[in-house]
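I opened the notebook today to look through one chain from end to end. The entries below are what I looked up, in the order that made sense to me.

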Amino acid sequence: LKVTYSGTPLEPGFTEEKLGQAEKTELDAHFENLLARADCTKNWTEKILRQTEVLLQPNPSARVEEFLYEKLDRKVPSRVTNGELLAQYMTEAANDFGPGTPYGKTLIKVGETQRRLGAAEREFIRSASINFLTPLRNFLEGDWRTISKERRILQNRRLDLDACKARLKKAKAAEAKAAAVPDFQETRPRNYVLSASASALWNDEVEKAEHELRLTQTEFDRQAEVTRLLLEGISSTHVNHLRCLHEFVESQTNYYAQCYQFMLDLQKQLGRFSGTFVGNADSASPAAATSPPTVAAATLPAVPTIPVVPTIVGVPNTVAEGVLNPNEVKPPASGTRRARVLYDYEAADSTELALLADEMITVYSLPGMDPDWLIGERGNQKGKVPVTYLELLS
């Protein structure tokens, strides 16, 4: 049996390393920890990368198509988002039903919001891909491939070193056996001559094995140092991935904030002409139609209100009934507060007060008012304002 390993022919008996019988050169504990940390980083980076791709593009066919374009080094064609496609269908439907009809007008409004949501989603996907996916993918396809290559070379160097150690060990054992004191009473002197010749041959074999061991040990130490430096670079990789993770969260936060604002605007627009096609007249009041979603009430300061009473001294009955005439409203003697406007707000009618982001106004509540609304004053202007557009100050 003649086995060739790393281009070096090995004599019979020196293949124990392949069979798991030779002594294995052990790496120090620090090096082993670096290897384990690198493997853990690689495995979790792969999982996070794949699941982020699923989050950004749930369609597996689309992901495969993007992967193929990337491997072919070709630009991925622009793909319409689901929101943009829904907006297109709603607009076309509105044109068929009549853009002047209540249903057609609503389809156009909702479709426009869906288009804006789709555009925001497209920007979020683009930003997340550049700032998060690309760095993770570059690590797996760049730095990790280099680390894997050097680790394979180190493994080969270790196998060579183990084989040299085994060869030297066997040569020394054979030399010691051949150098044993011969029996001078031997009646056949030829055996003594042969024994002395074998001892000299094994001595040469030991020297050769020791020389090969020194060379192999030097190559192993050099490769171990190269691999160690690469593995210690994993710490820098973690720092870079941490920065990318912050940018990903920032992009996602901006995306969801845009979506929330788009839906608030849509709800406000729909509330302006909801009375045209809603059969229940009570549900068409501006306060009920434009009340923001419950999530806003959970995140913005609560506004104290006074319970509804049948008759209120000094306040017109029209206020308690939900119809506000700003000229008839007088601020209470106490209970007014300052508020900062969070978003621009366009008044739906003469009973509401238009707002500009970051301006300061005075607000107060009147008995019988919807809790989602307040009376706002700016100079000599006053009108109803939505609570969710305000940050109430103490």
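The entries start with ground rules and then go from the whole chain to single residues.

**Ground rules**

I am working with a predicted model, where local features need pLDDT of at least 70 and side-chain atom pairs count only at pLDDT 80 or more, while totals for chains, interfaces and linings use all residues. Residues are numbered from 1 along each chain as its sequence is written, and side-chain values use heavy atoms, with hydrogens and water left out.

**Whole chain**

I began with the inventory, and the chain comes to 10 helices and seven strands. Both are DSSP runs numbered from the N terminus, with helices being H or I of at least four residues and strands E of at least two. Next I checked burial: of the 394 residues, 34% count as buried. For the notebook, buried means under 20% relative accessible area, exposed over 50%, and partly exposed in between, with a 1.4 Å probe and protein chains only.

I also looked at contacts, meaning heavy atoms within 4.5 Å. Among those between residues at least 6 apart in sequence, 72% join residues at least 24 apart.

**Helix α5**

I then turned to α5, which covers residues 102-178 and has 77 residues. Its span from first C-alpha to last is 108 Å, close to the 114 Å expected at 1.5 Å a residue. The expected span is 1.5 Å times one less than the number of residues.

Where does α5 bend? I found a bend of about 40° at S129, taken as the angle between axes fitted to the seven residues ending there and the seven starting there.

**Around α5**

I picked Q114, which is found in helix α5. Q114 is buried because its relative accessible area is 16%. Leaving aside neighbours within four places in sequence, Q114 is in contact with G83, E84, L86, A87 and M90.

T81 was my next stop, in the loop between α3 (60-71) and α4 (82-97). Is T81 buried or exposed? At 10% relative accessibility, T81 counts as buried. Beyond its neighbours within four places in sequence, T81 is in contact with G118, E121 and R122.

E53 and I125 are 72 residues apart in sequence and 9.4 Å apart in space, C-alpha to C-alpha. Again leaving aside neighbours within four places in sequence, E53 is in contact with R63, L133 and R137.

**Cysteines**

I searched for disulfides, defined as a pair of cysteine sulfur atoms within 2.5 Å, and the structure holds zero. C40 counts as partly exposed because its relative accessibility is 41%, whereas C164 counts as buried at 7%.

**The sheet**

How many strands does the open sheet have, and in what order? There are five, in the order β6-β5-β4-β3-β7, with antiparallel pairing. The edge strands are β6 (381-386) and β7 (390-392), and each pairs on one side only. The twist averages 40° from one strand to the next. Two strands pair if DSSP finds at least two bridges between them.

I went through the pairs in turn:

- β5 and β6 pair antiparallel over six bridges, and G376 has G383 in β6 as its bridge partner.
- β4 (residues 360-364) and β5 pair antiparallel over three bridges, with Y364 opposite I375 in β5.
- β3 and β4 pair antiparallel over four bridges, and A339 has I361 in β4 as its bridge partner.
- β3 (residues 337-341) and β7 run antiparallel and are joined by three bridges.

On the β7 side, A339 has L392 as its bridge partner, and R340 stands opposite E391.

β5 (residues 373-378) is mostly covered, with five of its six residues buried.

**Turns and loops in the sheet**

I looked at the hairpin of β5 and β6, which has two residues between the strands. G379 in that turn has a positive phi of about 65°.

My last entry is D358, in the loop between β3 and β4. Most residues other than glycine have a negative phi. D358 is not a glycine, yet its phi is positive at about 80°. D358 counts as exposed because its relative accessible area is 55%.

Note on methods. Axes fitted to C-alpha atoms, helices over the stretch in contact; angles between N-to-C directions.
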